[in-house]
Amino acid sequence: MKQFISDFNKLVKLRLTLTVVFSASISFLIGARQQDDIIWINWLILTIGGFLITGSANGFNEIIERDLDKLMKRTEDRPLPAGRMTTGQALVLSLFMGIFGTLLLVRLNFLAGLLSVFAIILYAFVYTPLKQKSPIAVFVGAFPGALPPLIGYYAAFKSAGFGFEYAAVSEAAIVITPWVLFLIQFFWQFPHFWAIAWVADEDYKRAGFRLLPTTKKDTISAWMIFISAVLMVPVGVLPLYYGFGGWVFTVVSLVGGLLFAYYGFKHIKEMTDATAKKVMFTSFIYLPLTQLVLLFDFIPLK
Ligand code: HEM
Ligand SMILES: CC(C)=CCC/C(C)=C/CC/C(C)=C/COP(=O)(O)OP(=O)(O)O
């Protein structure tokens, strides 16, 4: 049983999934606060449904990459490459999680359910095969990666056919807030992943993955990490600019953005794994922290 739980954690990529779900959960609460009505049972359904959907997407990803994962240290102990789980078992688990998760989300809000299916397809069946072909995969993967805040926000609204009911809320609020959250998460993924790709480059090469901007640990890739890190400064000011993020959020966001920029700058100077790691760790803290602070410093748009 203990082994199964550990294998299940590796199949769904637990820590990554929890952060993805966290972003959707926070966004749900922001959407609910926008309507001045938090329905906690719906929040629980979104959180469980979001977990199952993300777990399913990761399960499909590990089924598709089971042979390549055998070649990398980082992934060789996943249950499929290690031979502790069969493809059939992983397929049953992933299908079950995908179907059940989609049913839960569709029940909350049809659009949220539809976007979730779109995210699974884009991540597992477009991004995953593309990883073997070109670094463009990272740009493609950033779309499903940024969808959770959008899904979470819309899940806080009642369905109305393909759309949702928002009589009590302005049109600006239901467009601007979730799309700005989408944008922040979208841009955040470039310093996040390129820093990881730099640190793990030798391992990735074993499986033939070349995911850095130029496919190499060269000056241009280092500069792309720097530029993507610096971009987090203006991106972090967007909630204040649009009037739904307060000053506490903006200060935390700016400190995070400047830290990204500082480590990105050190990285173009030194171009070492150590400097890339600093950018990577900044990314691990930046997104959950700024999202949590935003929840408490959110100003509903009129
Ligand atoms: C283009 C999109 C993305 C790519 C290519 C990507 C790639 C990766 C990879 C390869 C790792 C593993 C690093 C390791 O083995 O040490 C990782 C870790 C992580 N990612 Fe991402 N990621 C992306 C988007 C996201 C998103 C959207 C989130 C959350 C909202 C996220 C959260 C995390 C977290 C928390 C970790 C560390 C936990 C762990 O290592 O299990 N990532 N990412
Ligand atoms: C709502 C929903 C269904 C979202 C699904 C999207 C999702 C799981 C996004 C994470 C983004 C992503 C591209 C991770 C990288 O995996 P990787 O394949 O590069 O990681 P690996 O090398 O560790 O396998």
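Mentor: Helix H8 gives the most to the shell around ligand 1, with six residues. Helices here are DSSP runs of H or I with at least four residues, numbered from the N terminus. Keep in mind that this is a predicted model, where local features need pLDDT of at least 70, side-chain atom pairs count only at pLDDT 80 or more, and totals for chains, interfaces and linings use all residues. Residues are numbered from 1 along each chain as its sequence is written, chains are lettered from A and ligands numbered from 1 in the order in which they are written, and side-chain values use heavy atoms, with hydrogens and water left out.

Start with His192, which sits in H8 (residues 171–199). Its NE2 atom is the only protein donor of the iron atom of ligand 1, at 2.2 Å. Donors are N, O and S atoms within 2.8 Å of the metal (3.2 Å for Na, K and Ca), and water is not among the atoms, so sites may look incomplete. The side chain of His192 also has an N or O atom 3.0 Å from a nitrogen atom of ligand 1. That pair is a polar contact, meaning N or O atoms within 3.5 Å; within protein, one must be able to donate a hydrogen and the other to accept it, and residues adjacent in sequence count only if both atoms are side-chain atoms.

In total, 19 residues surround ligand 1, and the closest are Thr19, Arg74, Gln189, His192 and Tyr204. To count as near, a residue needs a heavy atom within 4 Å of the ligand. By class, the shell has eleven nonpolar, six polar and two charged residues. In this scheme Ala, Val, Leu, Ile, Met, Phe, Trp, Tyr, Cys and Pro are nonpolar, Asp, Glu, Lys and Arg are charged, and the others, Gly among them, are polar.

While you're looking at Arg74, turn to ligand 2 as well: Arg74 is among the residues that come nearest to it, along with Lys13, Arg78, Tyr127 and Lys131. A polar side-chain atom of Arg78 lies 2.7 Å from an oxygen atom of ligand 2, and a side-chain N or O atom of Lys131 is 2.9 Å from an oxygen atom of ligand 2.

How values were computed
Helix = DSSP H or I, 4+ residues; strand = E, 2+ residues; numbered from the N terminus.
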